[in-house]
Amino acid sequence: MDRKVELLAPAGSLESLKWAIMYGADAVYVGGPGFGLRANATNFTIEELKEGVEFVHQYHKKIYVTVNIVMHNEEIDALDEYLKQLEACQVDAIIVSDPAIIHYAKEHTSLELHVSTQQSTLNYLGAKYLKQIGASRVVLAREASKEDIKDIMNHVDIEIETFIHGAMCASFSGRCVLSNYLTARDSNRGGCSQICRWDFDLLENDDLKRGEKPFTFCTKDLSMITKIPEMIEMGIDSFKIEGRMRSIYYIATVVSTYRNIIDAYYEQTLTEKMINDAKKVLDAVANRESTVQFFDGYYGKDCQYYNGRMELSNQDFLGIVLEYDSKLKKAKIEQRNYFKVNDTVEFFGPNHFVNILKIKHIYDEEGNPLEIVNHPRQIVWIDVETTLHVNDLMRMKKRD
Ligand code: SF4
């Protein structure tokens, strides 16, 4: 295998970009100030983009910018200047969907072009066409099965990017106007209000059909952690994680978990147990159940919620390590969720895995003992025998 697969992470802000890179992403994708599909995410200004590019390139990683809006007439005039700005920022590629933008960018810039999943590419004729018009990579539709992916790869020499983790769309990757219709928020201009996850009354000839729980057509999430070896062996070029609006804890956890599994595969140290453990870690940061969705060629009832969806709020993220005093063997922690003496916690960081610890003592900044840490961003010290590093994260293992 000549080339290692790329692990591509979302970044909704400069902060999450930095955490994604620190925790093992090979590349990040971000939204710029215009022409993207995440109106609600913290899109980057041009100045932030420049800073992001500089940071990412310093680590010899890459940054791609979404320009995947379905363009309306009134946006055409701003396109040229916007693309030139992205070119001047030296981003590594733009992610495009509208054929007009693909064509324009090819004619008027030297930007590398990745075709967005919004284009719903599922066949090799489509992929061949995208290559002909100048794309170097295609992000396949989330609906692609492994047979679809193999077929495309057998017929077309173009980089293939597939989703490995994150939320799904009940429609065909965003081709849905439910949000526009019910909330006047356009899903193809970044405004999707996730109507598919709402609860609905189900009527048949005006008769209300109500089960124990209301009807929903919310999909479960995607998680390909158990399929990583198979996907690497297929020769896919890039593994994409969804979620530009996610927290730094989510990004760090998901990126580092996939990073460990991918690296172990190449180092030939990957075991079944490592995959099972990784799955548990990913399940713990998810707020819905997950499946491999379309990958095995079967999209069944297990991939979907029909009556009531499970939404868990995650309180596992406890804090960030700000400092480690190796003489006193104490870690300085900035609190993110409440924890207390006798909780069992784990730490993980970019270059090392988890140390499990039962918290015996907590001290405030003046050295006074504490039982509970329950103030947002409270700074405390705890005893930790094993060396920790700045920006390691602390999460809950078990509460007594
Ligand atoms: S409302 Fe649901 S189905 Fe429609 S675009 Fe949004 S996520 Fe997709």
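How many salt bridges does the structure hold? The answer is 27, where a salt bridge is a side-chain nitrogen of Lys or Arg within 4 Å of a carboxyl oxygen of Asp or Glu. Before going further, please note that this is a predicted model, in which local features need pLDDT of at least 70 and side-chain atom pairs count only at pLDDT 80 or more, while totals for chains, interfaces and linings use all residues. Residues are numbered from 1 along each chain as its sequence is written, and side-chain values use heavy atoms, with hydrogens and water left out.

One of the salt bridges joins Glu51 to Lys18, with the closest N and O atoms 3.3 Å apart. This pair links distant parts of the chain, since Glu51 sits in helix H2 (residues 46–58) and Lys18 in helix H1, 33 residues apart. Helices here are DSSP runs of H or I with at least four residues, numbered from the N terminus.

Now to the two domains, whose bounds come from an automatic or database domain assignment. Domain 1 covers 6–170 + 217–303, and domain 2 covers 317–398. Here is their interface in brief:

| Feature of domain 1 and domain 2 | Value |
|---|---|
| Distance between C-alpha centres | 33 Å |
| Area buried between them | about 930 Å² |
| Share of that area on carbon and sulfur atoms | 71% |

Buried area is the accessible area (1.4 Å probe) that two parts lose on being put together, summed over both. Trp19, Tyr23 and Tyr249 supply 57% of the area that domain 1 buries against domain 2, more than any other three residues.

Ten residues of domain 1 are in contact (heavy atoms within 4.5 Å) with eleven of domain 2. No salt bridges are found across this interface. On the domain 1 side, helix H1 (14–22) and helix H9 (248–266) each supply at least two of the touching residues, and the largest share, six residues, comes from H9. That side divides into seven nonpolar, three polar and no charged residues.

Finally, the ligand has ten residues around it, and Cys169, Ser171, Cys176, Cys192 and Cys196 come nearest; a residue counts as near with a heavy atom within 4 Å.

Note on methods. Nonpolar A, V, L, I, M, F, W, Y, C, P; charged D, E, K, R; others polar.
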